[in-house]
Amino acid sequence: MDDTALTDLVALLDLERIEQNIYRGSSRTAVVPRVFGGQVAAQALVAAGRTVPADRPPHSLHAYFLRPGDPGAPIVYTVDRIRDGRSFTTRRVVAVQHGQPIFHLSASFQTHEEGLAHQVPMPAAPDPETLPTAEEALPRYTAAFRDPAVVRRLLEARAAVDLRYAAAPPWGEVGAPREPRSQVWFRTNGKLAGAVDTPLLHVCLMTYVSDMTLLDSVLLAHGRGGWAVGDVVGASLDHAMWFHRPFRADEWLLYDQESPTSQGGRGLSTGRIFTRDGRLAASVIQEGVIRVPRD
């Protein structure tokens, strides 16, 4: 476990309050030379949540990635208090760097309410403890990457998260199209405790991780290995999440992902996140740019 990495990630999500409804965040080193999309989404949700009573957890978010973020510059998050209703609270957040918006998020929060309940069953998946860790698995694929340093950068970028693939990742079997479906188990690399152990932080940590692997299923459909292999270029375009049931980000969560379609230089992926005991915790949809490089 890397508790230091988790401490650093929690600190990254602890935004500085500049003024009422205005917050500032920093960035961490990313695998690619831009701000990781999951980071800016999680920070924006933190900013929105700071303006909402603690007894109203987020139940959905909808976001657009507008421009690549500069990891060397701070990000300013401005929260617009759209509505405070009897049951629901709505917030809009704009992330700005160098005077330009790079990200836009709308989030809705709700008081606890009893109601009709059902869910799809959890799909079959191998036990997470039987799967190799990133430290064990990633070095096996060094030869697949254009730059051998990618392995080190991936391990550093994901040090706060224990993320384990149920089957070979896209870069593990390049050239052979597979079923456009991917499964990963994940949890934080360490337990959360004390004052930081809040329901909002767990939701924001899930949001952070949700952008790490979701477009993998698009790559699998075409036998592509991804940006690090060099057979595609791409980026997240938009991201939506619905939070259904309570969960802890420091306990195992199954991320079941699939891609129903790709076209026009874009690929769509959907995901369902289950707790280890089978409860559907969240649903995710993302569209991203997926382009084949031109010679």
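Select Val 161 first, and look across to strand E8, where its bridge partner is Thr 188; helices (H or I, at least four residues) and strands (E, at least two) are DSSP runs, numbered from the N terminus. This is a predicted model, in which local features need pLDDT of at least 70 and side-chain atom pairs count only at pLDDT 80 or more, while totals for chains, interfaces and linings use all residues. Residues are numbered from 1 along each chain as its sequence is written, and side-chain values use heavy atoms, with hydrogens and water left out.

Next, colour E7 and E8 (residues 181–188), which run antiparallel and are joined by five bridges; two strands pair if DSSP finds at least two bridges between them.

Now widen the selection to the open sheet of 12 strands, whose order is E1-E2-E4-E5-E6-E3-E9-E12-E11-E10-E8-E7 and whose pairing is antiparallel. Its edge strands, each pairing on one side only, are E1 (16–19) and E7 (161–165).

Finally, show the side chains at the contact (heavy atoms within 4.5 Å): H2 contributes residues including Ala 41, Leu 45 and Val 46, and H5 contributes residues including Leu 200, Val 203 and Tyr 208.
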